Amino acid sequence: MRALYCIFVLLMLTGCDKNEVGDVSLGIFTTKDIKLDAVADPVVTGVTCHVASIEANLDLSDPSDSSLACRQTGPITADMIAQIDKSKNGEVLFTKSKSIFFKTMKIRRIFDAENQTLMYLSYSTKETSGSFKHSLSTVPLWGTEAYSTVKRQQN
């Protein structure tokens, strides 16, 4: 009985996501919903990403598929770009559990210095049907104060 209570509380808490901005039911005869989360970049505060993923309310594991769209929603400055991790693997900005079996969805920011573009990659940490599910969105620095400053530093 105690185990059922714990599972019920866990299921209720999964619906308490502070990043959730939308919830679309997939129908009366399914327990699956499309959850829409807004993720603000904590360093490059002028970027917001929206990620859509399936949540299976009564399953032990959610599907690995996700869709990602990131846009400039405010100023992007050279100081912000100076603070980010510029390594080839970038840095993780957001993590969401998708299973009790250690599967997570992550969003990672990677900087493409040559093309002056921020890349945001959403991916699953567990292989599904022979593939790691992922989605990519980019935010160019063109037209921002960060673009002109970075370009001058390279010359």
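Trainee: What share of the contacts in the protein chain with a separation of 6 or more comes from residues 24 or more positions apart?

Mentor: A contact means heavy atoms within 4.5 Å. In this protein chain, residues 24 or more positions apart account for 45% of the contacts with a separation of 6 or more. The model is predicted: local features need pLDDT of at least 70 and side-chain atom pairs count only at pLDDT 80 or more, while totals for chains, interfaces and linings use all residues. Residues are numbered from 1 along each chain as its sequence is written, and side-chain values use heavy atoms, with hydrogens and water left out.

Trainee: How many helices and strands does the protein chain have?

Mentor: Both are DSSP runs numbered from the N terminus, helices being H or I with at least four residues and strands E with at least two. The protein chain has three helices and eight strands, in the order α-β-β-β-β-α-β-β-β-β-α from the N terminus.

Trainee: How much of the protein chain is buried?

Mentor: Buried means under 20% relative accessible area, exposed over 50%, and partly exposed in between, using a 1.4 Å probe and protein chains only. Of the 155 residues in the protein chain, 38% are buried.

Trainee: Which side chain of opposite charge is nearest to Asp 112?

Mentor: Lys and Arg count as positive, Asp and Glu as negative, and His and the chain ends are not counted. A salt bridge needs a side-chain nitrogen of Lys or Arg within 4 Å of a carboxyl oxygen of Asp or Glu. Asp 112 sits in strand β6 (residues 104–112). Asp 112 is buried and has no salt bridge, with Lys 88 the nearest opposite charge at 7.6 Å.

Trainee: What does the side chain of Asp 112 join in a polar contact of 2.8 Å?

Mentor: A polar contact is a pair of N or O atoms within 3.5 Å; within protein, one must be able to donate a hydrogen and the other to accept it, and residues adjacent in sequence count only if both atoms are side-chain atoms. At 2.8 Å, the partner is the side chain of Asn 115. A polar side-chain atom of Asp 112 also lies 3.4 Å from the backbone nitrogen of Glu 114. Leaving out residues up to four places away in sequence, Asp 112 touches Thr 117 and Met 119.

Trainee: Where does Gln 116 lie, and is it buried or exposed?

Mentor: Gln 116 is in the loop between β6 and β7. Gln 116 counts as buried because its relative accessibility is 1%. Most residues other than glycine have a negative phi. Gln 116 has a positive phi, near 50°.

Trainee: Which residues of strand β8 form the covered face?

Mentor: In a regular strand the side chains alternate between the two faces of the sheet. In β8 (residues 134–140), Ser 135, Ser 137 and Val 139 form the covered face, and His 134, Leu 136, Thr 138 and Pro 140 the uncovered one. Two strands pair if DSSP finds at least two bridges between them. Strand β7 (residues 117–124) and β8 are antiparallel, with seven bridges; Tyr 123 has His 134 in β8 as its bridge partner.
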